[in-house]
Structures are given as structure tokens and as C-alpha cells.
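Let us read a protein model together, one feature at a time. Have the sequence and the 3D view ready.

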Amino acid sequence: GDASDLPPALPEEFVDAHLKTVGEGSGPLLHRVFTVDVRDSGLDAAALMDRVCADLDRAAPSEVVTFRKKRGRLGEVAVGDEYVVHMPAPWNGPVRVVHRDATSFRFATLAGHLEAGQIEFSAHDTGRGVAFRIETWSRPGDRPSALVFDVLRVGKEIQLHMWTHFCLRAGDLSGGRVTDGVRVPW
């Protein structure tokens, strides 16, 4: 990749000793985008994001991941909120919300996360409905994690499953129908 594959700049107020930036990781940067188009939902992008943000677990595949809020009010996603993303095995990862607007929010990883980087969840209105998107910029958090991600490829496969299902469930939450499945360009 090149500079276009780097994550957005982090707001200075969130850069502290707890934040784990992509530069602190080990191994190659993985930049992925997962997108699903939804038709006939009756919701615009902002309303879909409000529905997703009211309870992240409604869109998350429960067999793989749950979101537990550690800082912030339940029922919303706001800048400064912190979560622990619980996954099977030693995959739990603390994250902080570093961006939120009407149609998107972005997490940055914190110390103790298996990865180092950011992930953004967003929706936008299209001429035919709503598109829901998850974009990740991450590297394994350390050398043992690099083994899991880059050699064994287990981490990449879990991410593929998790975020594909999250996109499909966001489509379900919209009340519309997903067209053409989830796109994951390589």
C-alpha cells in the first residue's frame, strides 16, 4: 500500500499512553473495506447509524463478538466512550471512540488490544437506498499477534466473518433488503 492506506489522523485529545496506534503494531498494515447496499429500508443513513449505535450487539454476530461499554452512556456511541470487544479465546480488545457524527463513528485500539489501528463504521445515502460500510486500518499489535494474523491467518478470517456479518445485520436493522451481498475488495 501507500499513504492512501493509512488511517485518518487521530484527534490530539485522544493520543495518550493508553492509545495503541497503527505505528505501534507489528507486521504489514491491513486496510480492508466491507460494504453492503440496502434498498427499501425507509431509513436514511443517519437513522440507520442511530439504530446501530443504540446497541452495537444487535448488529454484531453474537457467536464471535460482543461489545461491553466501559465508559459512556448506554444506548449511544459518543466521542470518548470506551468499550471492550469480547471475543472467544484471548481476543478481547479495548477500544475508544475517537470520531462520531450523524453517519459514522470510529474506534481506535487501546493498550491490550490484539491489533493496533482504527475501524470506522459508516452509512451514506445513495440514489437507491443506504450503503453501510466498515473500514479497517490495522496491524497485529505485537509479534505473537502477527503470527496469528499473518502466518496462521486466523485473525484475518475471524475479521472477515465478523465484519461481513455485522454489515448484513446492519442491513437487517434498516428494515430493508440487502442487494448483492457484502463487497470486500482486495
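**Reading the fold**

Q: Which strands form a hairpin with two residues between them?
A: S4 and S5 form a hairpin, with two residues between them. Helices (H or I, at least four residues) and strands (E, at least two) are DSSP runs, numbered from the N terminus. Two strands pair if DSSP finds at least two bridges between them. S4 and S5 pair in the antiparallel sense over six bridges. Arg100 stands opposite Phe105 in S5.

Q: What should I know about the model and its numbering?
A: This is a predicted model, in which local features need pLDDT of at least 70 and side-chain atom pairs count only at pLDDT 80 or more, while totals for chains, interfaces and linings use all residues. Residues are numbered from 1 along each chain as its sequence is written, and side-chain values use heavy atoms, with hydrogens and water left out.

Q: How many helices and strands does the chain have?
A: The chain has three helices and eight strands. From the N terminus on, the order is β-α-β-β-β-β-β-β-α-α-β.

Q: What is the pairing between S3 and S4?
A: S3 and S4 pair in the antiparallel sense, over four bridges. Val85 stands opposite Gly93 in S4.

Q: How do I read burial, and what share of the chain do buried residues make up?
A: Buried means under 20% relative accessible area, exposed over 50%, and partly exposed in between (1.4 Å probe, protein chains only). Buried residues make up 49% of the 186 residues in the chain.

Q: Which residues touch the most other members of the largest nonpolar core?
A: The general idea comes first. In soluble globular proteins, nonpolar side chains tend to be buried together. A nonpolar core is a set of buried Ala, Val, Leu, Ile, Met, Phe, Trp, Tyr and Cys residues joined through side-chain atoms within 4.5 Å. The largest nonpolar core here has 34 residues. Phe67, Phe107, Phe121, Phe132, Ile134, Trp163 and Phe166 touch the most other members. Elements giving two or more residues to this core include strand S1 (30-39), helix H1 (45-54), strand S7 (129-140) and helix H3 (154-173). H3 gives the most, with six residues.

Q: Which residues does Ile134 touch?
A: Contact means heavy atoms within 4.5 Å. Leaving out residues up to four places away in sequence, Ile134 touches Arg32, Val33, Phe34, Ile119, Glu120, Phe121, Trp163, Phe166 and Cys167. There is also a second, separate core of five residues, which includes Phe14, Leu19, Val98 and Leu110.

Q: How many aromatic pairs does the structure hold?
A: A pair of aromatic rings is described by the distance of the centres and the angle of the planes. Rings of Phe, Tyr and Trp (its six-membered ring) pair if their centres lie within 6.5 Å; planes under 30 degrees apart count as stacked, over 60 as edge-to-face and the rest as tilted. The structure holds eleven aromatic pairs. The ring centres of Phe105 and Phe107 are 5.3 Å apart and their planes lie at 75°, so this pair is edge-to-face. Phe105 is buried, at 0% relative accessible area. Phe107 is buried too, at 2%.

Q: Why is the pair of Phe132 and Phe166 stacked?
A: Their ring centres are 6.1 Å apart and their planes are at 20°, so the pair counts as stacked. Phe132 is in strand S7 and Phe166 in helix H3, 34 residues apart, so the pair links distant parts of the chain. Phe132 is buried at 0% relative accessibility. Phe166 is also buried, at 0%.

Q: Where is Val79, and which residues does Val79 touch?
A: Val79 sits in the loop between strand S2 (66-71) and S3. At 42% relative accessibility, Val79 is partly exposed. Not counting residues up to four places away in sequence, Val79 touches Phe14, Val97, Val98, His99 and Arg100. The C-alpha atoms of Val79 and Arg100 are 5.9 Å apart, with 21 residues of separation along the chain.

Q: What is the phi of Asp40?
A: Most residues other than glycine have a negative phi. Phi of Asp40 is near 60°, a positive value in a residue other than glycine. Asp40 is found in the loop between S1 and H1. Asp40 is exposed, with a relative accessible area of 57%.
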